[in-house]
Amino acid sequence: MFGFLPHNLFVQHIGQNTTGLSPRLWSKVTGTLMQSDGSKRLILAGDDFTSFYGTVTSNVGDYSGGYKSYEETGGTITQLANQKGGVIAITSDGTDNDDMALAAGGATGVLGAISDTAGDDHVTAFECRFSVSTVTDDAGAIFVGLTEEGLAAAASMTDDTGVMADKDYIGFCSVHKNGGTAGTNAILKFQYKKEGATAQTPIPTLQTMVANTWYKVGFVYNPFAPASRRITVYLDNVEQSTYVTAADIAASTFPDGEELTFSALTHQGGATGAHSLNLDWWAFGQVI
C-alpha cells in the first residue's frame, strides 16, 4: 500500500511548497527519532495510488492495498489515467444523498491511536493531497483524515447536510449548504469528534476551496510539545495559528486512545451533477 519514498522526511531546508510530503510537518516526526540508544522507530503507512484496482459487489468494494469501499449505485472509485504519479477519483453520479466512502485496512484494520496516556502517547502525523471537481452548493460534502475502522459504509455522512456521522474521527471536512448560506460547500474545516460527544471544530475556515485545485492538509500530535500546542495543523506546508491543546485532548469530546485508520468520504447533497473527491496520496506516521 505504501508506494512513495518519504524523501521529504529528511529534507532539512524548509522552503518552497511541493506536491510531496510537507517538510514542516514531517520534520517534527523524524526529529523525535534521534534517540542515542535507537529505541524509537517510525511506523509509516500510506499510498500514492500508482496501482489501484478492485471489484464492487452490491455497493461494497474491495480494492488493492486492503481498501474497503461503500459506493452508491452509479458511483465509482477509479484510477485516473491522465494523472502522473497516481490519482484516484471517488465520484458520485449526482443522485441526491448518495454516499461514497473508501477506508484503509478493510473493515477492521487500524493504523494507530492518538492518546495522552503515559506509554501510549506517541508522536503521530497525518497528511494527504486532494482536490474536488466542483464546489457548487449541495454538490458534495467531503472528509479526509483518520476515523474509526469500518467507516466505508452507508450513512457515514448525514443526509441533506453532509455532517459526519456519530463516529470517532479527526480530519478535514466540508458540509452542504445549510439554511441558505451560499458557499458552505467550499469551506474546508478541521474537526474532531468522539463518538457520542459533540463535534469540535478548532479551525472552522481552514480554506475556501476552488474546484480542481490541489490542497495538502495534515496535522501532527506531539505529546512533548507545550500544552497549548499538542496538535498542530498544516495547510500546504504552512503551520496554522490555531492548535489543539492538552486540555482539549483530555476532554470527553476528543477521540483519545481510539483506534483510527485512513478514510475518505464524499456525500451528495442534491441532484446537482457528478462530483469527485480526487486523492493524490495520503500518509500516516507514528513514532513508537
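These are my notebook entries on a predicted model, looked up piece by piece.

**Ground rules**

I number residues from 1 along each chain as its sequence is written, and side-chain values use heavy atoms, with hydrogens and water left out. As the model is predicted, local features need pLDDT of at least 70 and side-chain atom pairs count only at pLDDT 80 or more, while totals for chains, interfaces and linings use all residues.

**Overview**

I started with the secondary structure, which comes to two helices and 18 strands. Helices (H or I, at least four residues) and strands (E, at least two) are DSSP runs, numbered from the N terminus. Next I looked up burial: 53% of the 288 residues count as buried. Buried means under 20% relative accessible area, exposed over 50%, and partly exposed in between, with a 1.4 Å probe and protein chains only. Then I checked contacts (heavy atoms within 4.5 Å). Of those in the chain with a separation of 6 or more, 69% are between residues 24 or more positions apart.

**Strand β12 and its partners**

I picked β12, residues 187–193, and found six of its seven residues buried. What does β12 pair with? On one count, β11 (residues 169–173) pairs with β12 in the antiparallel sense over five bridges; strands pair if DSSP finds at least two bridges between them. Within that pairing, Ile170 has Tyr192 in β12 as its bridge partner.

β12 also runs antiparallel to β13 (residues 200–208), joined by four bridges. I noted Ile187 opposite Thr208 in β13, and Leu188 opposite Gln207. β12 and β13 form a hairpin with six residues between them. In its turn, Gly196 has a positive phi of about 95°.

I looked up the largest nonpolar core and got 45 residues. Such a core is a set of buried Ala, Val, Leu, Ile, Met, Phe, Trp, Tyr and Cys residues joined through side-chain atoms within 4.5 Å. Those with the most contacts inside this core are Phe130, Ile170, Phe172, Phe219 and Trp282.

**Cysteines**

I searched the whole structure for disulfides (cysteine sulfur atoms within 2.5 Å) and found zero. Cys128 is buried at 0% relative accessibility, and Cys173 is buried at 3%.

**Thr261**

I then went to Thr261, which lies in β17 (residues 259–267) and is buried at 1% relative accessibility. What does the Thr261 side chain reach? A polar atom of it lies 3.1 Å from the backbone oxygen of Ala104. That is a polar contact: N or O atoms within 3.5 Å, where within protein one must be able to donate a hydrogen and the other to accept it, and residues adjacent in sequence count only if both atoms are side-chain atoms. Leaving aside neighbours within four places in sequence, the contacts of Thr261 include Ala104, Gly105, Val110, Gly145, Thr147 and Glu149.

**Two loop residues**

Is Lys84 buried or exposed? Lys84 is exposed, with a relative accessible area of 83%, in the loop between β5 (76–79) and β6 (88–92). C-alpha to C-alpha, Lys84 and Thr50 are 8.5 Å apart in space and 34 residues apart in sequence.

Asn222 sits in the loop between β14 (215–221) and β15 (231–235), yet is buried at 18% relative accessible area. A polar atom of the Asn222 side chain lies 2.9 Å from the backbone nitrogen of Phe224. Not counting residues up to four places away in sequence, Asn222 touches Val123 and Arg230. Its C-alpha is separated by 8.3 Å from that of Asp121, 101 residues apart along the chain.
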